[in-house]
Amino acid sequence: MATKTKAIPGVDNVLKLIKDHGIRIIDLKFTDLLGQWQHFSVTAREFSSDIFEDGIGFDGSSIRGFQKIHESDMLLFPDPSSVFIDPFTAEPTLSLTCDIADPITHESYSRDPRHIAKKAEAYLKTTGLADTAFFGPEPEFFILDNVRFDQSHQFGYYYLDSDEGFWNSGSNGKTNLGHKPRLKEGYFPAAPIDSLQDIRSDMVLTLEAVGIAVEVHHHEVATAGQTEIDMRRDTLTKMADNYLTYKYVTKNVAKKHGKTVTFMPKPIFGDNGSGMHVHQSLWKGGKPLFAGNGYAGLSEMAMYYIGGLLKHAPALCAFTNPTTNSYKRLVPGYEAPVNLAYSQRNRSASIRIPMYSSNPKTKRIEFRCPDPTCNPYIGFAALLMAGLDGIINKIDPGKPLDKDIYDMTPEQLRDVPSAPGSLAESLKALEQDHDFLLRGDVFGEDLIETWIEYKTAKEIEPMQLRPHPYEFMLYYDA
């Protein structure tokens, strides 16, 4: 192994793992623009330590949101700190997350989501305001027993089912033992109503086995297997890495149990959707900066950070709520936090200040709009940039909203701004408000334009062209 390669921290550990565990396959993972893991594998025989220095090539034109066909060649550089042994493969397999670079210049690729996250962390340090941003997402998802969907010229449908679904309380097709979580009553009944304890525990223990710390798991509000597993907070890029590993683990553990997982924000009509509340805090020199003597025990810096999030929330939603389905969850009048306000304890506000502890190290703010379809690298970076813009420009978040929003009259709500009502609205907001993302060259115009163009052409317009099944119920006899 070349001396220059040994200088890369963690390479020796990777090589030792390969030797000690009889690894036969090395799986190289990276993230497309939308936030889904892509991968290919090499054998241990062909794997060399030189890959950490020289990279390995792939076709960027076949990846969503990446290169055009005439400039398709790209390089992957594995990050040795991301290594884990894959718990799902038949052959002993080592997983490595990679960064993406240009094959000629070796410069980091501007549309690599992981690169954006790293730039956001670097920009934070250059401001002198803080040196560390901690993120703690709380993804929700459904564990289902069956899913079917299809779309063609003359038909379109989806069908979901879960043994837990309240609609199966009268099922006579097989043994029915009752004990189904009623609509909106899945939080927190014990077994046998909660039938997924063992699967969730398997997910949690598998996450711990691949190096991800987990704080808690439980059934969520909705019927039909809605679940939440909360990871322990971590730094921005590391948490984004962890979140993609989290999706990989939960989906594959479910498959092992003969079930399937979806992170769609709103797969089931009439019950709670799946959100991903994101806890955030800034630190400097090992000391928390969001604790203070202000409202809800917050510092002035934390209040300005909130101001930045609220000001830029419509644009942020283009990244944190990036699907057409996202806005079937973000609907006014229900439990989703569409109202752009902040409050201590109040879960109907889009920003909540948790009050579980008086320890300054736990002081944080929780942005409740995002959902689990968010690309974590881009989404977390955008949240940090909005918060920093609030601090730099001393954006006043206004007065807190400590009332139950759902008890307020329309007149009282008139002055409370709301999150966008559709993906098209959020993309328009991003188009008009993204200067705060360009600071420090964290986001580029190219990435923002590509995001808006892709989402419009590949998601919004195709949805607009297709009739919806419910339209037949409304209009067939017109």
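Strands S1 and S2 run antiparallel and are joined by seven bridges. Strands pair if DSSP finds at least two bridges between them. Helices (H or I, at least four residues) and strands (E, at least two) are DSSP runs, numbered from the N terminus. This is a predicted model, in which local features need pLDDT of at least 70, side-chain atom pairs count only at pLDDT 80 or more, and totals for chains, interfaces and linings use all residues. Residues are numbered from 1 along each chain as its sequence is written, and side-chain values use heavy atoms, with hydrogens and water left out.

**Strands and their partners**

- Five residues lie between the strands in the hairpin of S1 and S2, where Gly35 takes a positive phi near 105 degrees.
- S1 also pairs with S6, in parallel, through five bridges. Thr93 in S6 is the bridge partner of Ile25.
- Strand S1 (residues 25-31) is mostly covered, with six of its seven residues buried. Buried means under 20% relative accessible area, exposed means over 50%, and partly exposed lies in between (1.4 Å probe, protein chains only).
- Strand S3 (residues 56-59) runs antiparallel to S4, and four bridges join them. Here Gly57 stands opposite Leu75 in S4.
- S4 pairs with strand S6 (residues 93-101) too, again antiparallel and over four bridges. Leu76 stands opposite Ile100 in S6.
- Strand S4 (residues 73-78) is largely enclosed by the rest of the structure, because five of its six residues are buried.

**Nonpolar cores**

- The largest nonpolar core holds 116 residues, and Phe135, Leu282, Leu384 and Phe443 have the most contacts inside it. Such a core is a set of buried Ala, Val, Leu, Ile, Met, Phe, Trp, Tyr and Cys residues joined through side-chain atoms within 4.5 Å.
- Helix H7 (residues 300-320) gives the largest share of this core, 14 residues.
- Another core lies apart from it and has six residues, among them Phe142, Leu144, Leu160 and Ile268.
- Leaving out residues up to four places away in sequence, Phe135 touches residues including Arg233, Met239, Tyr305, Phe380 and Leu384. Contact means heavy atoms within 4.5 Å.

**A pocket**

- The second largest pocket has about 440 Å³ of space.
- On a 1 Å grid over the protein atoms alone, a 1.4 Å probe fits at each point; a pocket is an open set of points with protein on both sides within 12 Å along at least five of seven lines, and lining residues have an atom within 4 Å of a point. Points are joined across faces, edges and corners, and the volume is the space filled by probe spheres set on them.
- Its lining has 21 residues, with Asp163, Glu164, Thr175, Gly178 and Lys180 nearest the centre of this second largest pocket.
- The lining of the second largest pocket divides into six nonpolar, eight polar and seven charged residues. Ala, Val, Leu, Ile, Met, Phe, Trp, Tyr, Cys and Pro count as nonpolar, Asp, Glu, Lys and Arg as charged, and the others, Gly among them, as polar.

**Loop residues, buried and exposed**

- Asn375 lies in the loop between strand S18 (365-367) and helix H8 (376-392). Asn375 counts as buried because its relative accessibility is 0%.
- Beyond residues up to four places away in sequence, Asn375 touches Thr31, Asp32, Leu33, Leu34, Gly35, Pro113 and Phe319.
- Gln154 sits in the loop between strand S8 (146-151) and strand S9 (156-161). At 63% relative accessibility, Gln154 counts as exposed.
- The C-alpha atoms of Gln154 and Pro467 are separated by 9.5 Å, though these residues are 313 residues apart along the chain.

- Most residues other than glycine have a negative phi, and most peptide bonds are trans.
- A cis peptide bond joins Tyr187 and Phe188, with omega about 10 degrees.
- Ala191 and Pro192 are also joined by a cis peptide bond, with omega about 10 degrees. Pro192 lies in the loop between S9 and H5.
- His106 is not a glycine, yet has a positive phi of about 65 degrees. His106 is partly exposed, at a relative accessible area of 40%.
- Lys184 has a positive phi near 60 degrees, and is found in the loop between S9 and H5.
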